[in-house]
Amino acid sequence: MNLLPLVLYAAAGVAYAIHFARRQPTMGRAATTLLLFGALAHTFVIGMQTMEVRFNPVASTSRAVSTFVWLLTLSYLYLELTTDERAMGVFILPVIVALQVIPVVFPGMTNSDPVLNSAWFWVHVSSLLFAYASFALAGALGLTYMLQFKEIKKKHLGYLYTRLPSLQILDVMNWRAVTVGWLFLTVGVVVGVVWAAQARAVSPNDPNLQAMSLDDPKILGAIVTWAVYSFAMFARKTLGWTGRRAAWLSALGFAIILFNFLPVNYFVTTSHTFQ
Amino acid sequence: MHLFLLGVSHKTAPVDLRERLDFSSGDLGAAVEMLAAKPAAAESIVLSTCNRSEIYLASDDAARAREDAIEFISGFHQLPHDAFVPHIFTFEDSAVAQHLFRVAAGLDSLVVGEPQVLGQVKDAFQAASQRHCTGPLLTKLFHWSFAVGKRVRTETALGEGAVSISFAAVALARKIFGRLQGRRVLVIGSGEISTLTAQHLRSHGVGDIAITSRTAANAQALADAVGGRAVPWTERMTALASADIVLTATGAQRPILTRDQVDRVRKRGNPLFIIDVAVPRDVEPSVGDIEQVFLYNVDDLQSVIEENMSRRAAEIARAETIVADEVARFTAWQRSRAAVPTIVALRQRFDAVRRSELNRLDGKLTGLPPEARARVDEVTRLIVEKLLIEPTEQLKALPDEETQVAYTEALNRLFRLREEESRVEDEESAERARRE
């Protein structure tokens, strides 16, 4: 079921790349249209899956990845339509396509762990996924900023210079994405703690719930992520870490998230493996 | 109907002659009206830019068109023929299309790829069209040229990259700050480049422009010219603290802006773009090492321009390919248009045969009910239509004029179209006369 959005995303990715190289406006519009259809198909898929399990579309990692991709696509579309800058697509789409492969290859199992049937849990996961989508955008914006910064600072105005947006736009967008992401990350973590405490009271013998502590790699990763972005926000306000430094921090933050979200989730963590 | 073009440009005429032949300063509409009154000018447009004056005509007689165009220029500008005739160039038919498409694409401009010329081509068409001096052929040609100009602009990088110091500086500022609205500019020292650059920045909507100079009068003069405010030389560091863009152009022999000074007054994190056009340089090179400071001196900007120039040059071939492609398509359209009288005559001939046969059978058909008679009429009409579809398409798509003449001739003989054609033309001209 996740295949159709994947195909549309891949097609959009190709169109964004051609648009980036040749800068034909029609190709740019085609790319956006394909991505819009991809997001629409994806909305439908997620809607169907929610109906199927009645409550929660985010309880398995594959479904969570799929929801994350969907949120990232919507956030990116929002960014593109508000700034009228398409150049970012060429950086975001590879992330979207690569991650969407996961739910296609490992279709998520239907989740029936009753522990997860809680509104708190739903808020926890959705907030974190939205935060991650914002951070993904911030990371791509940061990467783009560094490329553009290098061209201008080194006075070599080449291929990228003409194609990438201005430093100011990239910096402001990065700041917004980090702020939104940080807010949702905070909400997600706090709600997660509250929910774990509640759930532990209800079913004290659940091994997952017992494993929830700062020793758990996944939880530790989330705390590190929170610390990195909190520092990024603090440094911008007080130390004047704008521009390249802010860009660098948001790229680092997203690298940690990706690591935490995928390999840690599949192989290492003991606390977030509800069956 | 043929296309004809006569003109002078920066490639054929010296600047003083071009100035005397300029139409843009006066009333372009009056000029094109005067041109349209000439007998050979069925359709006329006058295109005038800083580097060219060109007369576009659609006419049945190219030789007469040339004479008329020369007469018109001589009459309008009060110049003897021999003052300008040695400098003119002329084109006919597809060469006219090629020339106009190259002009609209910016390929024929002094600075290749400059964007203003397309607007001027549009203005020329507008002026002629408002005074009803254009017709189907020139209208098609000019609309086609707008599309070519747009295509070259979007599909190639011909017009990209600034090719003057002040444009390059503004382009860079836009890549750093995005929109320049509300940005604060500080100009230190006055000179031609700083004046031009300040004017460009102003036209991009920057907010405050502060100008300082060791000679207060110079600062005031520049401030008046660009709508800025003069700041005493002693307060330049205060102005630097809040500036986004700094332009330095003093005649000082030692740097007037050092790294220490900049570090001291700047709030960290705010980007600062410094354009140093002074020689010797006004700004210590190490200022460029500060994290959010972008320092460009005159050599840096010069190399940006050279890079842009060579990139534009690399795009010329692609633009020429687009032009050639569009000229071929335009010529094909024009040829298909030339086939129209033959096609019309052929259709009328076939229809005449059909009608005479139906008339001949009228006696036998009267016995039929009205629906059946209508059916017979319909069927015969469809047969004629179907027989003619393929020949019509083929005639419109003939590859060159020679083949077209041969085919037209053959059809004329095979179907005795000559009488038919002249009748059609008579009717058309009567129609035109009636409308006028």
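A crossing of two helices is left-handed if the near helix is turned anticlockwise from the far one by less than a right angle. Keep that in mind for the first view, and remember throughout that this is a predicted model.

**View 1. Helices H7(A) and H9(A) cross in a left-handed way.** Two packed helices are described by the angle between their axes and the distance between the axes. Here H7(A) and helix H9 of chain A (residues 217–238) pack at about 140 degrees, and their axes are 10 Å apart. Angles over 145 degrees would count as roughly antiparallel, so H7(A) is oblique to H9(A). Which residues of H7(A) make the contact? Look for Trp175(A), Val178(A), Thr179(A), Gly181(A), Trp182(A), Leu185(A) and Val189(A). On the H9(A) side, the partners include Trp226(A), Tyr229(A), Met233(A) and Arg236(A). Sorted by class, the residues of this contact are ten nonpolar, four polar and one charged.

**View 2. Chain A meets chain B.** How many residues does each chain bring to this contact? Chain A gives 17 residues and chain B gives 20 residues. On the chain A side, four helices each supply at least two residues: H5 (119–153), H6 (159–163), H7 (167–202) and H10 (243–261).

**View 3. A four-stranded open sheet in chain B has antiparallel pairing.** Follow the strands across the sheet in the order E2-E3-E1-E4. Strands E2 (43–49) and E4 (89–92) of chain B each have a single partner strand, so one side of each has no neighbour in the sheet. From one strand to the next, the twist averages 15 degrees. Strand E1 of chain B (residues 2–9) is joined to E4(B) by four bridges, and these two strands run antiparallel. To find your place in the pair, look for Phe4(B), which stands opposite Glu92(B) in E4(B). Helix H7 of chain B (residues 136–155) packs on this sheet and touches E1, E2 and E3 (52–59) of chain B. The direction of H7(B) makes about 35 degrees with that of E2(B).

**View 4. A six-stranded open sheet in chain B has parallel pairing.** The strand order is E7-E6-E5-E8-E9-E10. Which strands stand at the edges? They are E7 (229–230) and E10 (293–297) of chain B; each has a single partner strand, so one side of each is left without a neighbour in the sheet. Further in, four bridges join E5 (residues 185–188) to E8 (residues 245–248) of chain B, and the two strands run parallel. A handy landmark is Leu186(B), which stands opposite Val246(B) in E8(B).

**View 5. Helices H14(B) and H16(B) pass in a right-handed crossing.** Helix H14 (residues 340–360) and helix H16 (residues 370–396) of chain B pack at an angle of about 160 degrees, with 10 Å between their axes. The two helices are therefore roughly antiparallel to each other. Residues from H14(B), among them Ile343(B), Leu346(B), Phe350(B) and Arg354(B), meet residues in H16(B), including Asp377(B), Arg381(B), Val384(B) and Leu388(B). By class, this contact has seven nonpolar, three polar and five charged residues.

Key
Residues are numbered from 1 along each chain as its sequence is written. Chains are lettered from A and ligands numbered from 1 in the order in which they are written. This is a predicted model: local features need pLDDT of at least 70, side-chain atom pairs count only at pLDDT 80 or more; totals for chains, interfaces and linings use all residues. Two strands pair if DSSP finds at least two bridges between them. Axes are lines fitted to C-alpha atoms, for helices over the stretch in contact, and angles run from 0 to 180 degrees between N-to-C directions. Two residues are in contact if their C-beta atoms, placed from the backbone, lie within 7 Å. Angles under 35 degrees count as roughly parallel, over 145 as roughly antiparallel, 65 to 115 as roughly perpendicular and the rest as oblique. Ala, Val, Leu, Ile, Met, Phe, Trp, Tyr, Cys and Pro count as nonpolar, Asp, Glu, Lys and Arg as charged, and the others, Gly among them, as polar.
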